[in-house]
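Trainee: I would like to learn how to read aromatic rings in a protein model. Can we work through one together?

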Amino acid sequence: MGEGASMSEAGWQDFERSLDTLRNQSRFRQLQPFRTEGLELVDRAGNRFLNFGGNDYLGLAAGRSSVPPPSAAAVASALVCGWTDQHEALARQIARWEGTESAVVFPSGYAACSGTIAALGREGDLILSDALNHASLIDGCRLSRAERVVFPHRDVESVAEVLKSRRGQFARVWIVTESVFSMDGHLAPLVELLDVAERYGATLVVDEAHASGVFGGTGSGLCEELGLKERVGIRIGTLSKAVAARGGFVAAPRIVADFLVNHCRSLIFSTSLSQHEVRVALESLERICGDSEARMRVRSMARLVRERLGIAAQGLEVDVPIVPFLCGLDARALEAAGALREAGLFVPAIRPPTVPEGQARLRASLSAGHEEGMILRLVEALLSLR
């Protein structure tokens, strides 16, 4: 026990037992310092790894200098004095991109997801949440005062059954889903969910974090790709993946945006984004909207990897730049990740509780910055694990 701990050693024993359990299950996690240089990660020993672990889908982050400029910190929350003309310009640009009346910018994607769901789900409401939703959405559901029902992954019939039997008990019903699920590369059945939502007077809220930049004519996400933007009024996104900046956002009708500004605790009580990150996001959005080449490239890379690995996918799922390589056992996933590191490739091992029990995996994230030779090197290494 380190100095400064106020509790007696006996008081920490349950913490130690919990950590020992994780070690025995091959689930103990530790922070690992890396330096990012373009498409590579460099550890403290100077070892270099081709990075297949990030979410820089369009390669915008890899193309920037690894040394960040001064932060130009906001120094206050948005409602105090942390909201500048540049923040306002970013919110307006996001609203134009998403085709909504308004947009709200958050300090992180996690804050956008958790805070929005927590604020929208009020007492007397019902939230229906997909079983494989991201932790930020799950936490938002738990923080809300609404009743919560977790429905089986992508099971539209289950949603319909709940609404058919219980819709009249609630003032509002929110159906919450990711559009692209971050650990499986699955696409949500958005058309079918919308049909059910509209039939029963529910509101679909879609997190486009892993679809932004990849899908849609202007890269705004799967809702755009499927022609659903006018039907999905509330969409959550992040600026830290394909946009290669930092922060999150909600694109929505003005009444929803105003409600969040006045009731969303993760927005009201967080320091605003730095002006540097706002400028980076504005520049990236301009590039994403005006250039589809990187978007088409990363989607073609995704198709290539799935084809070479023999991974079946339905429809647009072949284009998702998230490729899971299932290992089953936690220890097996760690061994596989270690073997790839020996080959100079960084592909993270994903274990429960991030994924369900018995479904530990490697999660390869592809980028438009990867060259075909790099992709084939990844494929060859993964095939060697079988």
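Trainee: Is Phe 346 buried or exposed?

Mentor: Start with the scale: buried means under 20% relative accessible area, exposed over 50%, partly exposed in between (1.4 Å probe, protein chains only). Phe 346 has 14% relative accessibility, so Phe 346 counts as buried. Phe 34 has 27%, so Phe 34 is partly exposed. Remember that this is a predicted model: local features need pLDDT of at least 70, side-chain atom pairs pLDDT 80 or more, while totals for chains, interfaces and linings use all residues. Residues are numbered from 1 along each chain as its sequence is written, and side-chain values use heavy atoms, without hydrogens and water.

Trainee: How many aromatic pairs does the whole structure have?

Mentor: Rings of Phe, Tyr and Trp (its six-membered ring) pair if their centres lie within 6.5 Å; planes under 30 degrees apart are stacked, over 60 edge-to-face, the rest tilted. A search of the whole structure finds three pairs. One of them is Phe 34 with Phe 346, edge-to-face, at 5.5 Å centre to centre and 65° between the planes.

Trainee: Which residues form the aromatic cluster?

Mentor: Phe 34, Phe 49 and Phe 346 form one cluster.

Trainee: Where does a charge sit over the ring of Phe 49?

Mentor: The rule needs NZ of Lys or CZ of Arg within 6 Å of the ring centre and within 35 degrees of the ring normal. The charged end of Arg 341 sits over the Phe 49 ring, 5.6 Å from its centre. Likewise, the charged end of Arg 23 sits over the ring of Phe 28, 4.4 Å from its centre.
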